[in-house]
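Subject: The structure I promised you

Hi there,

Here is the structure for you to look at. Have it open while you read the notes below.

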Amino acid sequence: MRRISSVLMALMLAAALIFSAAACGDGGTAPANGGTDEPAISSEENISPLLTGMSRAVSGDSYKKINGTKYKLSTYSCEEIGIAEAEDYPKLSEALKSISSERISEAKAINKLFKQRAAEYIDSGADDYGETHFSYYLRNRIARSDEICFSFLECIQSYSGGPHPNSYTVSHNINPKTGKEYKLSDVFDDLDALIQKTSAYIFEKYGEDSGLYFDSENTADLKSAINAGLKKSFFKKITGMNELGEEVRYYSPSWVLTGQGVSLIFDPYAVGPYALGSVRVDFTYSELEGIINDRFVYEAETYVVPALLDDGKTAYDYDRDGQYDELEIVTDFISSESDNLMIIGELTVKKGDMSITRDCGAYSIMPYIVHMSDGSDYLYISCENFYESYIMIFNITGDFLEYIGRQGGSLAFGSITNPSAVHIADRLNVLSTYSGAKLYKLLNNGKFATEDSYYEVRDFDKHLVSSADIGMPLYTGDASEDNLKEYHSFPAGTEFEIIHTDGKTFADLRDVKSGLTGRFYVTMAEGARPSKEGQYFKETGEAVKDVFEELYFAD
C-alpha cells in the first residue's frame, strides 16, 4: 500500500533588493555570447509563448502543552498551483484551481488526523517524543510552462511514525487551451520504444540494484530481463491508500515534459530498495527522435529547466550535443547556533572538472537553469532562511563556469518559469509587516532588471482602520508622484487596504468602500526598529499607532 507525500519550504521572507554584481573569474574568460544587457526574451522570439507559473504555500501547525512545555504535534504545508495569465488560459486556470482545492482540503484533513494520532502517542506515555512530530508536505515543481503544455510534479512527503517518511510524486501534463491532461499516447508515438530505452538506461546506471524493476525470476540476469517482460507496473495505474485511508490511484512512473526533453520519475521501491531513493530518468528531445510526437518538442528561444528532485543534480545539455550532462550542486550543512537548525554553510557548483564554492547560509534552496535567447545559460539558486532571501547566480554557458553574484529577495510566485516575468518579493514594514513584490525580467548577462519603482503589496489581507481623520493626497492611474492630486479627508473609522509602497517613506492606502486611494507618508525615528513605536505620520508628526486602531508588525 502506498502513502501520499513531498518536500516543501516556501516562506515569503525577504531582505533589501541589493544586487551584488561582483563577478569572480573561477572559470576563466567570459564567453562571447554572455554579458549583454538585452532582455532574455520577447514575445516575438518564442514560437510557443511562455506562461508564468505560480506556487503559494498554505501552512498550518498544531501544538499541545505537556507539563508546561509546548510540543508541536503536526504540521502541513501544501502549495497551490496557478498561472499569472489566468484570463488568457481560463481552462488551464480552472484545472489548476481544482487540483489545488482538492490538495489543500486533503492536507488539512491529514493534519487533523495526524494531530489526533500524535496526541494519542504522547498520552500513551511515550518518553522519547521530544521534537518528533507528524508532517505532510507538498511542493509543486513546474517543469514546463508554455501554450503547448503546462507540466508539473506534485512532490509529496509525509511522516506519521516509523523509521522514515513516505514519499512519492504525481505528475500533470495539461493542455493549456483545453485544461485536459495529456495521455502518454498523445505525446509518444512509440511507447514500446520508450519503455525499452528507459529499461536499458536503468540497467546501465543501477545494475543489480535495479532488480526490483525488471519482471524476471532471475534478477541476476538483468540484461535478458530488458528483452523480456520488463517492469510489471511500467506506466500502470497504481492503487493505494492515503493517510486518510482513502483509495488513491496514480501512474508509475510520473513523467513531465521539460525545456530540453522528458523526465520520468520512479518513486522509492519502484526500481530498487528504499536506500536507492527516487530514480529519475532524463531524455533529451534529440534522444527521443522517432519516439515522441514532434508537436511536443520545445521550440522556445528561452526556457527554464528546474531541479525536479532534491538529489543535488540537474540534468542539462549545456554542451548542446543532444545528450544530458550533469550539473551538480553540493551542500555542506552546518548547525546554526542562533536558530537551532541546520543551514547550508558552503554551496558548491560542479560542472565537469570545474567547481565553484561560495558561502550560502540558507536552510532551503531551489535551483533553476535558464537558457537565454542569445544562447547563454545561467544557474539561479533560490535561497531561503529566516532573516533574508536571495538568489545566487552562476554563468554555466558551454564549457564555462563563473559566479556572478546575488539578487536580493525571494521568488514571489515560488518559481522561475518565464524569464520576462519574474516577481521578486521583499519583507516590508511600512505601517505593518507584509510582503511586497516587483516585476523583473532576466537579461542576457544573467542579471535581473526592473522598471517598477514601487512594490505591489502581497499576502496581506488585513484592513487598517483609522482612529482619526486622515488627510492624504489622492492619485489616479499609476503610483508616480506626478499623478498625485489634491488632498482628501478620510474620516475616522475608514477601512484601508495597502496596495503599494516604496518600502521606506510611504504606503498607498485604498479606501475599501469608496475606492479612493491616498498616499500616507511615513517618517522613521533615528535608529528605531520598523515598528509602531518607530514610525510617524509625516503630515502631522503623530505616531502611527495613534492614527490606526491596530497595526500588524512582525516584531
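Buried means under 20% relative accessible area, exposed means over 50%, and partly exposed is in between (1.4 Å probe, protein chains only). The areas themselves come from the Shrake-Rupley method with a 1.4 Å probe, and for residues only the protein chains shown count as cover.

Before you go on, bear in mind that this is a predicted model, where local features need pLDDT of at least 70, side-chain atom pairs count only at pLDDT 80 or more, and totals for chains, interfaces and linings use all residues. Residues are numbered from 1 along each chain as its sequence is written, and side-chain values use heavy atoms, with hydrogens and water left out.

Now the salt bridges. Side chains of opposite charge can pair when their charged atoms come close. The cut-off here is a side-chain nitrogen of Lys or Arg within 4 Å of a carboxyl oxygen of Asp or Glu. The structure holds twelve of them.

E497 is in one: its partner is R510, with the closest N and O atoms 3.3 Å apart. This pair links distant parts of the chain, as R510 sits in strand β29 (residues 506-511) and E497 in strand β28 (residues 495-501), 13 residues apart. (Strands are DSSP runs of E, at least two residues; helices are runs of H or I, at least four; both are numbered from the N terminus.) R510 is also partly exposed, at 32%. Elsewhere, shared partners join the salt bridges of E102, R103 and E154 into one network.

Next, have a look at K72 and D61, whose side chains meet in a salt bridge at 3.6 Å, N to O. K72 lies in strand β2 (residues 69-83) and D61 in strand β1 (residues 53-66), so the pair ties together parts that are eleven residues apart in sequence. K72 is partly exposed at 28%, and D61 is partly exposed at 41%.

Last, there's a negative surface patch, formed by D189, D190, D192, E289, D294 and E299. Patch residues have over 30% relative accessible area and no salt bridge; like charges are joined within 9 Å, and nonpolar side chains (Val, Leu, Ile, Met, Phe, Trp, Tyr) within 5 Å. Asp and Glu count as negative, and a charge is placed at CG of Asp or CD of Glu.

Cheers!
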